[in-house]
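Dear colleague,

I am passing on the structure below, together with some notes on what turned up when I went through it. Please have it open while you read.

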Amino acid sequence: MSFSDKQEAAFSQLYTQYISNLHTYGTSLGFASDVCMDAIQDVFFKLYLRKDELQHIENIGFYLFRSLRNRLIDLQKQQHTTKTIDDETLAFFIEVSVDESFEHEEERLLLKEKVERLLRLLTNRQREAVYLRHMEELDYEQIAGIMEMNAASVRKLVYRALEVIRKHTTNR
């Protein structure tokens, strides 16, 4: 069965809508840009092949992020002799960008440096959970599904991360 023109356009729009965020997420997990792009292509190819099963997917964003994370872990396992890759093995780095609307470049750079310093205080898992919650606006259940945790643990993880940030911003 082939996609109709309407389905092709919808699939293309879906790809365009998510490619940048998926790439950012993958590189934030510590994977090289080209590896991320390959994994994203794999995810969309699989999605295209299984298009008949897509009606059951309630949240496509959640599905794509979880699929990408799983695909990247699979690729990492293929490259290593050990088959055990835990979540702490995945280093999560967030590329901080600050709005260009600051009047002075120095202010913008200082803010960027402060945010990066605060993020370095968090664990990899805390950074990932905060990113998914506040940048990708996923709910706790969805984040739990992506990170293979329960929702209560994700809530606690995000709460503790925000507590670390609050503690270090109010003490300055």
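In which hand, left or right, does α3 pass α6? In this predicted model, α3 passes α6 in a right-handed crossing. The axes of α3 (residues 60–79) and α6 (residues 140–147) come within 9 Å and cross at roughly 20 degrees, which makes α3 roughly parallel to α6, as angles under 35 degrees are counted that way. On the α3 side the contact is made by F62, F65, R66 and R69, and on the α6 side by Q142, G145, I146 and M147; sorted by class, these are four nonpolar, two polar and two charged residues.

Helix α5 (residues 124–135) also packs with α6, here at an angle of about 135 degrees and with the axes 10 Å apart, and the two helices are therefore oblique to each other. This crossing of α5 and α6 is right-handed. R125, E128, A129, L132 and R133 of α5 meet Y140, I143, I146 and M147 of α6, a set with six nonpolar, no polar and three charged residues.

As for α6 itself, seven of its eight residues are buried, so the helix is largely enclosed by the rest of the structure; the buried residues are Y140, Q142, I143, A144, G145, I146 and M147.

With best wishes

Terms used
Residues are numbered from 1 along each chain as its sequence is written. This is a predicted model: local features need pLDDT of at least 70, side-chain atom pairs count only at pLDDT 80 or more; totals for chains, interfaces and linings use all residues. Side-chain values use heavy atoms; hydrogens and water are left out. Axes are lines fitted to C-alpha atoms, for helices over the stretch in contact, and angles run from 0 to 180 degrees between N-to-C directions. Helices (H or I, at least four residues) and strands (E, at least two) are DSSP runs, numbered from the N terminus. Angles under 35 degrees count as roughly parallel, over 145 as roughly antiparallel, 65 to 115 as roughly perpendicular and the rest as oblique. A crossing is left-handed if the near helix is turned anticlockwise from the far one by less than a right angle, and right-handed if clockwise. Contact means heavy atoms within 4.5 Å. Ala, Val, Leu, Ile, Met, Phe, Trp, Tyr, Cys and Pro count as nonpolar, Asp, Glu, Lys and Arg as charged, and the others, Gly among them, as polar. Buried means under 20% relative accessible area, exposed over 50%, partly exposed in between (1.4 Å probe, protein chains only).
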